[in-house]
Amino acid sequence: MRGLLLCCFVALADISLNPKKTYEYKYEGEVNFGLGKPNLAESGVRIICKATIKGVSEQTFLLQVSELSFAEYNGLADENGYNPSPKVIKRLAAELAKPFIFEHANGHVGDIRASAEVSTAVVNIVRGILGFFQVTVKTTQNIYELEETGIHGKCQSNYAIEENEETKDWVITQVVDVNNCKEKAAMYRGMATSVVDKLSKERGDSVISIMRYNYTIKPTAEGGLITRAHGLERQHFSPFNVKGGSFKMQAMKNLILLSVSDLARASTYGPLESKGNIVYKFEDEDINIPILMQNLDNPVPKAIELIKRLAEANSKSIDSNTTEDSIKVYQLMRVIPYEGLESMWKQLAENPMYRQWILDCIVEVGDAKVLNFLEARFKEKDLTPVEAWQTLLLAFHHVEVTPELVEMAKVFLKLPFSRSNTYLWQTVALSYGSLVNKYCAGYTPCPVTAVQPLLDMATEALRSGNKEEMVVALKALGNAGHPGSMKTIMRYLPGVAATPVDLPLWVQSAAVNAMRLITTRDPHKVQEVTMALFLQKDLPSEIRMLAFRILFDTKPSMALVSAVTAHLLEERDLQVASFAYSYLEGFAKSRTPDNHYLSIASSLAVKILAPRLGRLSYYHSKAKHVDWFDDGWLAGLSSEFFMLRNVNNIIPSEIMAKDKLHFIGRIIELMELGIRAEGIKDLFGAGIPGFKGDFSMNDLMAIFSVLQKWETMEDDKPVLSVYSRVSGQEWFFADMSKETIRNIITALSPASWKSSPLQAMIESLQRGISWDYTRPFLTWEARYIQATTLGLPVEISKYYNSITAINFNAKVAVNPPPTESLLQLLNSEMILETDGFAGVTKDFWVFYGINTKLFQSGSELKTKNPTAVPWKLSAKINIPEMKFELDFPPCKEELQLFSIRSDLFAVSRNIEEPDSAKMTSILPPSDDPRDDQVLKPNTWHPSSRICYKCPVSGMGLCMEYELKRQYYYEEYPLYYVLGSSNMALKMVPAQTMKAVDKIHFELDAGPSRHPESAHQLLATLRLSKEATQRINLSSDSAQNSTTEAVLNFKAFAISENQKPEGYEAAMYYTPEASIQNAQLIVSQVGANTNWKMCVDTRLDAEAKVHVRWGAECQTYDVSMKASAAYLNGSKPEVKAKVQWNSVSEYMAEIGRRIERYIPGMAFLYGFSQENERNPEKEVSATVVAAWTDSIDVKIKLPEYTVYSRAMSFPVPWSSQWPHNTTNSTLY
């Protein structure tokens, strides 16, 4: 039997085609997308044809495709069938009818050849057919695995072979591990600056694929003959974790042998070219945008017409119905050749509005054409510096990088125009660094020739001593993140440079930061350098702290963290110790996957260091890390804040903050901002003479007296530096020098007023100005494309596009106008008349489906979010009298301020009918499930409209929403997107008793025009005895003195020839020796009303607020008290109490709801509860610091008390606060 089995395997060992035979097969391929649930819409395509294979030579065969059928499916499952598309059939058949030659030997497909005019998309469909003939049969095993090449790439395959006892045919099952291919036929776009988080795979994944083939093979004398074959590929995708529900792709194909006959005669065919092997090939993926389909013939006039239409429609406001057309412009410009782009520029550049649009759209071309275009502009110098740096910045960041493109980009570092403006030169250098970073993300190893121009810049700047150029070169190297730049960076670093160079601190700081992106590419080298810097105790504290920050970006091992901990136990610089310890504290509590092992190491370090460093105050340097991550969402956020101090300075030397997004296995740095105040820090030194800390006028004068010494600062040291990074790439930085301050002071001085740009600006405002700004911006184009067994590409894409518009007209009247200095405006009255519009419309898409240049089919989430704020107003500003007035017209028609519209569709598009796309909402029209459904989904369909209308002003606000969801319990959190959403905030007109001409606001911060006598104020407030005494003491005479309001505010609706209606408020300040007292009176103005609100505040050892409102402040009454002290002279304690005599029924109902809600939430957060009765109309809370990082909390409500002991607190208490040993008692 064993011998018989071996003989059969030997026969099967050569799954081959006989070159003297003709084989006819029926091929059917089908793919559909949906949620795999009943009563929900799906989409799909089906291809059916006859495949005829004829021998050409011993290992060469001819494939002919005939009887082609192509059909699309779109609609609810079991209700809609596949509909043929004759035009697509005709187009596909024209290419598939051409001959295809392929090599085949030992069960493997070799080179495929076809006519030059046959597109790659069609060849890929042929690959899907020929993929059935790519099968390996071993002669010695019936279960085995091996790595082999297929349409998905080089992947692991598992085989099982068994015999059909009835037919004696052999059944082969092949399972391909598509998820872990070494050389996968897959492509990423738009994610070069994101970091792959490998550890997040342990929490879940967003895409999982399964591929299985079944073959029925008949043994023949020539070898094994495939009589029937079936392929099934399933893929699960979720924007979150697939464990919580997923979209599903099912790709299925079948091959059935129809006949085998002798070859009648040799076939003839024309010249053919190689199209590659069986592995799926990509072509024009940047052109095939998945969320639209349009005819791309004759693109130049179409793009020009669209740009003009978009510019006109979105100039004075935003037409949200047109914003999606900007994606069409991007696609058209991607197919336009360079000469066409030049032609468009010549036609549109003279019109300012069209000029801005073409510059904003051309950055999305994304290939060498945009660099050629920009090079021409730089050489011809027909862009302003602002236009040049904006366009180049976006073009370099959005381009798809290739080795040839990097070489092209180097020319911008040499063009004279690049150095014609400081910020333009900085942008060129930084953007080239970003280009190198993207290049290195896609090509490993990354050649050092790419970063060589920046290395040369850094070397030359060091040789010449040009500190500004040093910083530019180092920041560009920081953007590049090339491991080959470490040697050059080290030349700038103290203590590690082979030849030490005396450099200022701000240059050394730039050198340390230049290593930030090398942490992921050569972490060991970065650890070696940063650890050496950190351990050098004679280095400036700032450099050691920055090195520590970069060190932890490398995700150091337990051993390295232990070494750091040992050194911190002996650290004498408390700035460094505090910075390092607080950073370790943050990592010890981290929950993001990338910090899993670092969190363990850091938590052990914190336990060791806490007794020595756990009580350092905020007067020392700090590094804070906080994060959140959810396994169900497979998403999280992390934020970091750094404050670098120096023991000799009161002002921090550097403050930095950055945020990261953790999303489906990627880490994206969102935004980083930093301020370096080295010059100001040195100016203020260790303290400010005469500064008490209460920010009184004396404190302000003390600060001003120090600022007057600005001339003593060093000339070559920046006074203030700022920078910004997006996606980890620094795109902007600026230094304020002494020269900048000198220029500002000169511009404000009377001597230069006539030639000052400020005077020209004031004169322009007096004549009237207009400004119109509109900008389209493709914020995000992230795509993942993978081959399917059918030879069709499945794509997961996210697009985020916005159009922002700001338009305003303004005219200012100044009386008297300034004649010598801008400071004269402080003695003038200004009247501003302005109208305009500010808004943005954001379009967001998530596409999951098949995307080729011929057709698209899949699921699409589409969201539109317009925000619009039009205005028309007049303002009067009287600075001498500290009076400000604002008037604007009432609301006459409904105005949508903000809205979100979102829906999930099953989509089908094809190039032959681009304007007839089918988009069916995933959810059925009815909320009721079908009677034959076994599984009944949950339906959620809330809707509401809530309005608040003010009959006095004649306007109101309305919030309306309608949500529709249909989901199953296991689909969390996917059900958040499984349906439609419609929300809007609107301003609406309201019915008024009389016509309103305008809405008037008035703020008077000067001396009160309507002082009240002490008795009048007392009568209004009806305050307690203590308040009465305070007001009397603050008056010279209790009977005749006046108490002036420090602030008056009015909000009126004004009608012609009638008294205004609305509200007015007055604030009074009545201090005593060491007690701060203030009163606020709000009154309703109008006929037959006596509503008022009276607020009395007192601040001494405790804070008190007494609020009464209603008829003459007598209807309702609430008081609040709070105090802070040190319990037993050591532990910080905060107490608060709210008491009420009477409140409105609405407030009482809210209070009752809160009282019912608290026990459950308290239990959830670990609180205990005591069912004891407390004072009926009172709520109190006490918070006591139990330890440096924990608190005791007790909350008393009328019906019960909840409390928690040693509750974790995110911000450690300081043991160095000035102790107030006055112990307060519970009320």
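Biologist: Why is Arg544 called buried?

Modeller: Its relative accessible area is 1%. Buried means under 20% relative accessible area, exposed means over 50%, and partly exposed is anything in between, using a 1.4 Å probe and protein chains only. At 1%, Arg544 therefore counts as buried. Bear in mind that this is a predicted model, where local features need pLDDT of at least 70 and side-chain atom pairs count only at pLDDT 80 or more, while totals for chains, interfaces and linings use all residues. Residues are numbered from 1 along each chain as its sequence is written, and side-chain values use heavy atoms, with hydrogens and water left out.

Biologist: What makes Glu571 and Arg544 a salt bridge?

Modeller: A salt bridge needs a side-chain nitrogen of Lys or Arg within 4 Å of a carboxyl oxygen of Asp or Glu. The closest N and O atoms of Glu571 and Arg544 are 2.6 Å apart, so the pair qualifies. The bridge ties together distant parts of the chain, with Glu571 in the loop between helix 18 and helix 19 (574-588) and Arg544 in helix 17 (residues 541-553), 27 residues apart. Helices (H or I, at least four residues) and strands (E, at least two) are DSSP runs, numbered from the N terminus. Glu571 has a relative accessible area of 2%, so Glu571 is buried too.

Biologist: How do you know that Lys986 and Glu894 form a salt bridge?

Modeller: Their N to O distance is 3.3 Å, and that falls within the 4 Å limit, so the pair counts. This one joins Lys986 in strand 33 (residues 979-989) to Glu894 in the loop between strand 27 (883-888) and strand 28 (895-910), 92 residues apart.

Biologist: Which of these two, Lys986 or Glu894, is buried and which is partly exposed?

Modeller: Lys986 comes out at 11%, so Lys986 is buried. Glu894 has a relative accessible area of 46%, which means it is partly exposed.

Biologist: How many salt bridges turn up in the whole structure?

Modeller: The search finds 62. There is also a network of salt bridges linking Lys475, Arg549, Glu672, Arg725 and Glu730.

Biologist: On to helix packing. Why are helix 16 and helix 18 called roughly parallel?

Modeller: Two packed helices are described by the angle between their axes and the distance between the axes. The axes are lines fitted to C-alpha atoms, for helices over the stretch in contact, with angles from 0 to 180 degrees between N-to-C directions. Under 35 degrees counts as roughly parallel, over 145 as roughly antiparallel, 65 to 115 as roughly perpendicular and the rest as oblique. The axes of helix 16 (residues 523-535) and helix 18 cross at roughly 10 degrees and come within 12 Å. That is why the two helices are roughly parallel to each other. In this contact (heavy atoms within 4.5 Å), Gln527, Met531, Phe534 and Leu535 of helix 16 meet Leu560, Ala563, Val564, His567 and Leu568 of helix 18.

Biologist: How do the residues of that contact divide by class?

Modeller: There are 7 nonpolar, 2 polar and no charged residues. Nonpolar covers Ala, Val, Leu, Ile, Met, Phe, Trp, Tyr, Cys and Pro; charged covers Asp, Glu, Lys and Arg; the others, Gly among them, are polar.

Biologist: And what about helix 18 (residues 558-568) and helix 20?

Modeller: Their axes come within 9 Å and cross at roughly 10 degrees. That makes helix 18 roughly parallel to helix 20. By class, the contact has 11 nonpolar, 2 polar and 1 charged residue.

Biologist: Why does Phe373 count as buried?

Modeller: Phe373 has a relative accessible area of 0%, so it is buried. Phe373 sits in helix 8 (residues 368-380), and its contacts include Tyr338, Leu341 and Trp345.

Biologist: Last one: how many residues has the largest nonpolar core?

Modeller: It has 139, and Met333, Met344, Tyr492 and Met515 have the most contacts inside it. Helix 11 (residues 422-442) gives the most to this core, with 10 residues. A second, separate core of 90 residues includes Ile53, Ala185, Ile911 and Leu978. A nonpolar core is a set of buried Ala, Val, Leu, Ile, Met, Phe, Trp, Tyr and Cys residues joined through side-chain atoms within 4.5 Å.

Conventions
Lists of a residue's contacts leave out its neighbours within four places in sequence.
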